Amino acid sequence: MIYKYCGHSGVQLPLLSLGLWHNFGSVDDFDTASQMILHAFDKGICHFDLANNYGPEPGSAETNFGRILHDSLAAHRDEMFIASKAGHDMWPGVYGTGSSRKNLMASIDQSLRRCRLEYFDVFYSHRYDGVTPVEETMQALIDIVRQGKALYVGISKYPADKQQQAYDILREAHVPCLLSQYRCSMFDRKAQLGGLPTREDPSKSNFRIAAAGGSGIICFSPLAQGLLTGKYDNGIPAGSRIAKASAFLHTSDVTPERIEAARALGEIARRRGQSMAQMALAWVLSDERVTSCIIGTSSVAQMDNNLQALDNLQFTDEEKQQINEIIYKPELSF
Ligand SMILES: NC(=O)c1ccc[n+]([C@@H]2O[C@H](COP(=O)([O-])OP(=O)(O)OC[C@H]3O[C@@H](n4cnc5c(N)ncnc54)[C@H](OP(=O)(O)O)[C@@H]3O)[C@@H](O)[C@H]2O)c1
């Protein structure tokens with residue numbers, strides 16, 4: 001594994017982190033989930049990305065993670081960097097969602113109990129909810145650190161203006177933003193470019209703002225939830241995220257334009273001696289501002305395949321140009 005410092009901090013993260021959004025819930029096979037977490041740790045993936053609502057059932061990914069941690073990894077807690085988040089719909093009523101102090105304070109206590117942890121290494125505001133003043137959310141994060149419930153804080157998916165405001169408030173309180181989490185893949189460059197390809201606005205680039213603010217950048221869905229693995233090039237395979245009727249990836253996302261692009265990218269990957277997934281991960285990591293990619297996997301074999309991305313992280317100028325010609329198209333974004 002290769003480790004990289006996170007923004008202007010003393011924390012290093014593995015280039016590949018493991019996310020528990022899908023495949024670790026109560027509906028999933030517990031033994032497979034357990035094998036993936038233990039295998040990840042053995043391979044140096046020491047950063048695990050959770051959120052209160054991951055499942056389904058919401059909360060069950062944290063419960064399963066807590067059980068695996070307790071049964072098999074308890075002696076290794078200090079070798080692990082564990083994240084959770086609050087902000088999306090979690091429990092009934094007006095306090096079970098959003099970016100309010102009320103939601104964050106209740107949520108972190110629930111998440112710590114489910115994970116059987118005394119503290120999280122990093123705790124995020126999962127989203128800007130469009131209403132709650134950023135001051136309120138950031139003060140809750142600052143107080144969470146002061147209470148010893150998290151060592152560091154992060155923000156996820158904050159729009160550019162709120163992102164800058166969050167950094168300013170956190171820096172003033174001497175609780176700097178360790179990590180900023182944004183979606184980024186060859187098919188989604190909005191956070192990187194500040195808008196869709198051909199309509200980008202560098203002043204709104206979340207990556208630029210994070211780098212200038214000293215925050216590490218961690219990217220989610222680097223494989224566009226599987227679209228950048230080649231697995232959908234010839235239909236919807238059984239057992240895939242789409243076949244399982246995920247609420248977040250649909251047959252309608254498999255457009256002819258994305259399949260054509262994935263096939264062309266797959267040709268470049270083959271010439272590089274990589275799988276499509278490996279090249280897609282290497283491409284996200286080739287942006288020097290990125291600290292780590294959070295991958296999701298549904299099997300140990302996928303994880304092993306993805307880990308081999310680290311064997312070739314360099315792109316020639318010719319490869320970069322060929323890739324850019326394929327992906328610099330707004331219609332691929334989603
Ligand atoms: N902050 C946020 O709001 C936010 C939002 C989304 C995600 N996240 C984080 O980011 C993590 C990763 O997101 P993601 O799951 O969408 O990531 P992803 O890496 O883009 O997609 C993962 C999926 O791609 C398929 N896959 C992975 N490796 C493969 C391989 N080598 N060959 C073939 N298929 C492969 C698997 O799907 P199949 O089921 O089809 O096998 C896997 O579940 C999440 O777990 C979560 O921690 C954060």
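## Leu228 and its contacts

Leaving aside residues up to four places away in sequence, Leu228 touches Ser185, Met186, Phe187, Leu223, Ala262, Met276, Ala277 and Ala280. Two residues are in contact if their C-beta atoms, placed from the backbone, lie within 7 Å.

This is a predicted model: local features need pLDDT of at least 70, side-chain atom pairs count only at pLDDT 80 or more, and totals for chains, interfaces and linings use all residues. Residues are numbered from 1 along each chain as its sequence is written.

## The nonpolar core

Leu228 is also among the residues with the most contacts inside the largest nonpolar core, along with Phe65, Val122, Val153 and Cys219. That core has 92 residues. Helix H9 (residues 276–285) gives the largest share of this core, nine residues.

A nonpolar core is a set of buried Ala, Val, Leu, Ile, Met, Phe, Trp, Tyr and Cys residues joined through C-beta atoms within 7 Å. Buried means that 20 or more other C-beta atoms, placed from the backbone, lie within 10 Å of the residue's own. Of the 334 residues of the chain, 48% count as buried.

## The whole chain

The chain has eleven helices and ten strands. These are DSSP runs, numbered from the N terminus: helices are H or I, at least four residues, and strands are E, at least two.

The C-alpha atoms fill a box of roughly 50 × 45 × 35 Å, taken along the principal axes. Among contacts between residues at least 6 apart in sequence, 75% join residues at least 24 apart.

Definitions and conventions: Buried ≥ 20, exposed ≤ 12 C-beta atoms within 10 Å, placed from the backbone.
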